[in-house]
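The chain and its model are shown below.

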Amino acid sequence: MTTIAARATDILARLGVDPARHTGGSMASFSPVTGEQVAALTPDSAATTDAAIARAGAAFLDWRLLPGPRRGELVRLLGEELRGAKPDLGTLVSIEAGKSTSEGLGEVQEMIDICDFAVGLSRQLYGLTMTTERPGHRMMETWHPLGVVGIISAFNFPVAVWSWNAAIALVCGNALLWKPSEKTPLTALACQAVLARAMARFGEAPAHLSQVLIGRADVGAALVAHRGVALISATGSTRMGRQVGPAVAARFGRSILELGGNNAGIVCPSADLDMALRAIAFGAMGTAGQRCTTMRRLFVHESVHDALLPRLRRAYASVSIGNPLETQALVGPLIDGAAFAAMQAALEAARAAGGTVQGGERVMVGSDAAYYARPALVEMPAQVGPVLEETFAPILYVMKYSDFEDVLQKHNEVGAGLSSSIFTTDLREMEIFLSAAGSDCGIANVNIGTSGSEVGGAFGGEKETGGGRESGSDAWKAYMRRATNTINYSGALPLAQGVVFDIE
């Protein structure tokens with residue numbers, strides 16, 4: 001039987017990745033599916049990181065001069081190459097991140113979708129023309145490429161989050177440096193190879209327009225500290241963001257921070273419980289609870305609590321768990337043993353706080369080196385202890401509520417502010433939830449779960465989630481610099497605000 005390591009090697013070869021990038025090095029990479037080692041990479045050093053930043057800076061000087069629609073053509077070709085590579089790249093996502101086949105392919109589809117979005121955007125990098133108080137003058141704003149964009153990505157979405165940044169940054173005229181998670185480096189090398197094929201077809205892309213840096217936190221720290229990197233887009237924990245944000249700000253750089261999410265759903269008296277059950281199950285158990293948008297808290301109105309909870313318990317007891325490469329199981333592995341240990345610690349804290357735990361135990365699938373766990377449903381008497389913290393594992397804390405205003409307050413009590421959802425057919429409850437008095441999150445959904453965003457909307461959150469936005473809407477503005485321009489086409493020089501400054 002072919003090993004996972006062999007499957008990964010075959011995929012990398014088909015996608016055109018140089019074997020020297022993932023063999024013979026000192027940094028081991030493991031698949032969470034079986035726990036086996038799949039690669040041995042050579043990490044970058046401070047010297048190689050500095051050299052890569054210098055090369056990216058040189059590439060930017062040329063790339064910024066191409067018209068936006070022409071830059072969009074490269075991204076169109078990238079989308080075309082991704083369509084051809086989708087089966088291989090989706091499988092590699094499953095190998096490295098442990099996602100189900102459906103989720104792995106879905107992540108690649110998200111890359112294709114953002115390329116389509118960015119191609120259209122390449123003709124819409126527009127500024128405003130403003131009315132001026134001075135006769136014979138015109139005032140407007142223009143948007144220009146920013147520089148080198150450093151992308152630091154997390155293991156749970158090893159390719160999609162890169163593409164949100166890369167596709168937009170490229171059409172905006174920037175160069176790219178990508179430091180992937182040390183847990184998922186192979187998907188980054190694969191994406192770089194796919195982009196290289198698109199660049200070869202394009203014919204005008206400068207050398208080193210996009211580069212991948214392999215390594216651990218020290219490589220990311222070097223990227224964050226370097227003045228040659230105009231923007232750092234970092235996805236990870238709130239703890240990581242507390243380090244990255246101040247470091248970038250200290251050198252007056254820019255940052256986009258996509259951090260933790262302790263996301264909640266509210267099930268109201270009028271909710272469609274069939275719909276809510278499906279949305280909650282996917283939101284809480286999809287990707288083994290390892291999405292930043294995973295539903296981690298659930299508030300259920302007392303009038304429907306006893307109708308919904310037995311159905312949730314059955315779903316948690318019966319959900320399929322297994323090897324995503326060999327089965328159609330809905331729940332795959334946790335990323336590693338540390339994630340499983342954190343899950344168990346949170347469950348113990350929940351029990352100590354009076355919670356009743358169903359599930360959460362380890363499920364043996366194949367090797368002892370792989371960490372599969374049954375998703376945990378925890379009925380809590382109140383929002384205390386571990387409920388207030390994000391644990392990156394499939395734990396759903398369920399609490400009963402009676403008053404709508406009170407539950408909105410509890411919903412907003414946690415530090416993070418990424419995603420939220422409400423299940424109701426009451427128009428008043430919907431509108432209040434979406435209003436300034438409702439959810440304080442960057443994403444607020446009605447009658448769908450907390451997970452499953454589309455590329456057309458800006459993605460990101462508030463408070464300890466970092467405040468950044470990626471992907472759709474006008475998130476492109478973060479990758480450019482704005483200039484306000486005033487043009488005097490008159491024969492006089494009137495000053496604004498009626499100021500007089502006449503000289504002889």
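In this predicted model, helix 6 (residues 185-202) lies across strand 6 (175-179) and strand 7. Its direction is at about 160° to that of strand 7. Both strands belong to an open sheet of five strands, in which the order is 7-6-5-8-9 and the pairing is parallel. The edges of this sheet are strand 7 (210-212) and strand 9 (254-258), each of which pairs on one side only. Direction ignored, neighbouring strands are turned by 15° against each other on average. Within the sheet, strand 5 (residues 148-152) runs parallel to strand 8 (residues 231-235), and four bridges join them. Ile 151 has Ser 233 of strand 8 opposite it.

A further open sheet contains seven strands, ordered 12-15-16-11-10-18-19, and its pairing is mixed. Strand 12 (356-358) and strand 19 (443-446) each have a single partner strand, so one side of each is left without a neighbour in the sheet. From one strand to the next, the twist averages 20°.

Helix 13 (residues 427-434) lies across strand 10, strand 18 and strand 19, at about 170° to strand 19.

Antiparallel pairing is also found around strand 4. Strand 3 (residues 129-130) pairs with strand 4 (residues 137-145) over two bridges, with Met 140 as the bridge partner of Thr 129. These two strands form a hairpin with six residues between them, and Gly 136 in the turn has a positive phi of about 75°. Strand 4 also pairs with strand 23 (residues 480-488), in the antiparallel sense and over nine bridges. In that pairing, His 144 stands opposite Arg 481.

| Strand pair | Direction | Bridges |
|---|---|---|
| strand 5 and strand 8 | parallel | four |
| strand 3 and strand 4 | antiparallel | two |
| strand 4 and strand 23 | antiparallel | nine |

How are helix 3 and helix 5 oriented to each other? Helix 3 (residues 68-97) and helix 5 (residues 160-171) pack at an angle of about 150°, with 8 Å between their axes. Because angles over 145 degrees count as roughly antiparallel, helix 3 and helix 5 are described in that way. On the helix 3 side the contact involves Gly 68, Arg 71, Gly 72 and Val 75, which meet Ala 167, Leu 170 and Val 171 in helix 5. By class, this contact has four nonpolar, two polar and one charged residues.

The structure holds one cavity of 30 Å³ or more, and the volume of the largest cavity is about 50 Å³. Its lining comprises 13 residues, of which Gly 98, Lys 99, Ser 100, Thr 287 and Gly 332 are the closest to its centre. By class, the lining has six nonpolar, five polar and two charged residues.

Technical notes: Residues are numbered from 1 along each chain as its sequence is written. This is a predicted model: local features need pLDDT of at least 70, side-chain atom pairs count only at pLDDT 80 or more; totals for chains, interfaces and linings use all residues. Side-chain values use heavy atoms; hydrogens and water are left out. Axes are lines fitted to C-alpha atoms, for helices over the stretch in contact, and angles run from 0 to 180 degrees between N-to-C directions. Angles under 35 degrees count as roughly parallel, over 145 as roughly antiparallel, 65 to 115 as roughly perpendicular and the rest as oblique. Contact means heavy atoms within 4.5 Å. Ala, Val, Leu, Ile, Met, Phe, Trp, Tyr, Cys and Pro count as nonpolar, Asp, Glu, Lys and Arg as charged, and the others, Gly among them, as polar. Two strands pair if DSSP finds at least two bridges between them. On a 1 Å grid over the protein atoms alone, a cavity is a set of points where a 1.4 Å probe fits but cannot get out, and a pocket is an open set with protein on both sides within 12 Å along at least five of seven lines; lining residues have an atom within 4 Å of a point. Grid points are joined across faces, edges and corners, and a volume is the space filled by probe spheres set on the points.
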